[in-house]
Amino acid sequence: MTMSAGWYLRRLSRMGPREVGGRAADAVRRRRWRAAPPDCPDVTGARFTAPLPAGTLAEVPPDAVKRLTAEADRLMDGHAEFFGVERDDLADPDWSYDPKTGRRAPQVYAFDVPYRDEEAVGDIKQIWEPSRHQYLTVLAAAYAVTGDERYAERVAAHLRSWWAANPPLRGVHWTSGIELGIRLLSWVWIRRLLDGWPGAAGLFEDDPVARRQIWHHQRWLAAFPSRGSSANNHVIAETAGQFAAACAFGWFPSSARWRTDALRSLERQLRANTFGSGLNRELATEYHGLVLELGLAAVAEADAAGVPVPASVRLVLLRMTDALAAVVDNRLRPPRQGDADDGHGLVVDGTGTDRWASLLATGDALFGRLAWWPEVTGTDVRTPLLAALVRPYPGSGAAPAVSRPASRPDRFADAGMTILRGPEEIWCRCDGGPHGFLSIAAHAHADALSIEVRHDGVDVLADPGTYCYHGQPAWRRYFRSTLGHNTLQLDGADQSVSGGPFLWTRQARTRVLAADPSGDGVARWSAEHDGYQGTVHRRRVELTPASRELRIVDEVRGTGRAARLAFHLGPAIAAELTGNRAVLTWTGDGEDRSAVLDLPGGLSWRAHRGESDPPLGWYSAGFGCKEPATTLVGTGFADGTAEFTTVLRFHG
């Protein structure tokens with residue numbers, strides 16, 4: 001996907017003067033570095049002084065070790081999956097190759113690489129992901145828990161291969177700060193996990209090539225931070241990686257300054273990216289997980305190095321952890337809201353480890369669980385490693401002395417999220433929040449007033465997900481569109497106006513009118529938005545636990561318009577549509593389940609599944625993956641006083 005002149009003008013219009021000035025300075029620096037790249041200073045006597053405390057590895061649960069080594073053995077055989085693409089070439093990878101398109105990114109000056117153009121470069125996510133080196137942290141962790149030097153030797157071979165193939169400022173891996181930041185964090189943990197291996201020092205601190213790479217990564221991040229309207233999860237990854245490296249690899253004359261500046265930025269950006277309620281301001285749940293992982297890793301690095309961290313950093317991470325515990329369903333699945341690209345901050349676990357259970361286990365170890373937290377029964381490798389580095393704090397065990405929720409929150413007013421819960425683990429998320437974060441709302445979807453409904457962790461009314469970012473514009477538009485969510489579309493248009501794949505030029509404003517998730521006998525929520533100028537869409541949702549009934553009432557006030565009301569079913573749900581009634585069936589925990597969805601009679605209903613021109617009827621469980629799923633769409637006309645009522649009844 002190449003960006004047009006119109007896109008650049010729209011993007012520029014969303015920047016403030018300070019951001020424009022900063023980006024102009026960046027452009028000057030890029031030109032200067034082309035002619036005279038910065039030089040890495042010579043250093044002597046570099047040492048790694050932040051290993052895991054003695055006895056840490058013995059705390060890793062045996063089943064977590066088993067999953068880890070199984071994954072490591074698969075990697076040793078050269079097999080891995082990235083975003084739905086199976087690879088068998090990871091024993092000796094080509095770092096610039098995209099197996100999805102068969103293209104290779106050009107090895108030119110980094111800032112000349114047109115990484116958004118799939119025709120010239122390939123699928124950039126497929127190229128970037130292995131070079132985050134998180135599969136190498138898995139191999140390094142496998143060495144740490146087993147002592148098998150095969151894992152360490154493979155890590156060393158791949159790092160040396162990568163360093164040789166990607167000299168500073170050459171090629172696609174020097175174009176995006178988030179990639180450099182996460183890669184630095186991976187290198188820190190690789191060095192830590194290989195500490196017992198005789199070749200560890202020779203791979204890192206005693207190798208001038210490694211030192212040069214580490215220095216240039218940090219110099220790049222200091223020079224080109226994400227700015228202004230782009231200061232979202234990217235800047236958290238940049239500052240966390242910069243801070244971790246400046247703590248663990250503090251060998252350079254600039255290390256102290258980089259450490260100080262990165263910590264100051266991390267503290268400021270964590271607060272800026274997080275609502276007071278603890279939810280991430282991007283309103284994209286997977287980025288909540290990414291930011292939380294990065295923040296926890298940064299705190300662990302600070303404590304390992306004895307660097308004081310502002311109390312506000314720990315407070316934000318504590319609130320994020322409590323918020324995560326509050327919003328998950330009974331299977332520990334959080335909402336599927338906004339963009340998701342399967343990004344992780346630190347990976348040391350094997351396939352089959354639950355990401356969200358792992359985060360809650362880490363939160364328990366660092367902050368202490370509250371009585372209302374859901375039970376976490378799974379195990380992981382990461383929690384004991386982080387817990388061993390984070391020091392206890394005065395006040396409340398390892399947690400800062402702050403007020404925490406006495407009961408499970410179900411309304412997050414600043415984020416506009418309300419969770420309704422009923423019997424048999426009925427879970428319903430109602431979206432009445434801001435469109436997204438910052439002026440471009442890069443990871444937002446046009447999903448105002450949408451809902452998600454689950455029964456015992458199974459998606460019944462589902463958020464279809466994300467699927468892709470670059471290279472497939474029709475699919476990108478669909479998965480972030482209004483039609484692609486469980487809400488009402490008018491006149492065939494989105495509620496918010498897109499200016500590009502990560503840019504919204506007009507954002508719908510949403511207002512919650514009432515939220516009583518624990519009402520007497522009936523849980524209620526209602527909200528409205530102004531995305532359709534001249535017309536207001538208002539939605540009421542009522543959950544009656546006694547009858548296991550969910551009622552959704554959509555009102556249209558103002559100018560009459562053509563209407564399409566969509567309900568996206570999860571991939572496990574089979575639907576038989578007759579007229580305006582759909583009988584839903586699925587299997588949960590080995591038992592047959594069913595529900596009836598009575599749809600508004602004023603609309604004409606059709607079932608869609610796996611359609612591609614245009615896209616409709618899909619579910620994306622992970623980035624790069626999609627599967628057919630049933631979408632029920634009702635079409636008709638909404639006059640200025642229209643009201644559409646939908647009733648979902650779960651059978652006992």
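In the predicted model, strand 11 (residues 497-500) and strand 12 (residues 503-506) are paired in the antiparallel sense over three bridges. The two strands make up a hairpin with two residues between them, and G500 stands opposite L503 of strand 12.

Strand 5 (residues 411-412) pairs with strand 6 in the antiparallel sense through two bridges, and F412 has M417 of strand 6 as its bridge partner. Four residues lie between the strands of this hairpin, in which G416 adopts a positive phi near 70°. On strand 6 (residues 417-422), five of the six residues are buried, so that the strand is mostly covered. The hairpin formed by strand 6 and strand 7 has three residues between the strands, and E424 in the turn shows a positive phi of about 50°.

With a relative accessible area of 0%, E452 is buried, and its contacts, leaving aside neighbours within four places in sequence, are P335, R336, Q337, W427, C428, R429, D459, L461 and D463. A polar atom of the E452 side chain lies 2.9 Å from the backbone nitrogen of R336, while a polar contact of 3.0 Å joins the side chains of E452 and R454. P335, R336 and Q337 are also touched by T285, as are P334 and W356, when residues up to four places away in sequence are not counted. T285 lies in helix 13 and counts as buried because its relative accessibility is 11%, under the 20% limit.

The largest nonpolar core comprises 132 residues, of which W187, W189, L194 and F249 touch the most other members. The greatest contribution to this core comes from helix 13 (residues 285-305), with 11 residues. Apart from this core lies another one, of 40 residues, including V453, L543, F567 and W605. For F249, the contacts beyond four places in sequence are F48, W187, V188, R191, F204, I214, Q218, A244 and S255. F249 also belongs to an aromatic cluster, together with F48, W162, W163, W187, F204, W251 and F252.

Across the whole structure, the search finds 24 aromatic pairs. The pair of Y115 and W128 is tilted, because the ring centres are 5.5 Å apart and the planes stand at 40°. Y115 lies in the loop between strand 4 (103-104) and helix 4 (118-121), and W128 in helix 5 (residues 124-128), so the pair ties together parts that are 13 residues apart in sequence. At 22% relative accessibility Y115 counts as partly exposed, whereas W128, with a relative accessible area of 7%, is buried. The aromatic pair of W163 and F204 is edge-to-face, with 6.1 Å centre to centre and 85° between the planes. This pair links distant parts of the chain, 41 residues apart, with W163 in helix 7 (residues 149-165) and F204 in the loop between helix 9 (200-203) and helix 10 (208-223); both W163 and F204 are buried.

R29 is located over the face of F224, at 5.8 Å from the ring centre, and K125 over the face of F623, at 5.3 Å from the ring centre.

How values were computed:
Residues numbered from 1 in each chain as written. Predicted model: local features only at pLDDT ≥ 70, side-chain atom pairs only at ≥ 80, totals over all residues. Heavy atoms only, no water. Core = buried A, V, L, I, M, F, W, Y, C linked by side-chain atoms within 4.5 Å. Buried < 20%, exposed > 50% of the residue type's maximum accessible area, 1.4 Å probe, protein only. Contact = heavy atoms within 4.5 Å. Pairing = 2+ DSSP bridges. Polar contact = N/O pair within 3.5 Å; in protein donor to acceptor, adjacent residues only side chain to side chain. Phe/Tyr/Trp six-rings, centres within 6.5 Å; stacked < 30°, edge-to-face > 60°. Lys NZ or Arg CZ within 6 Å of the ring centre and 35° of its normal.
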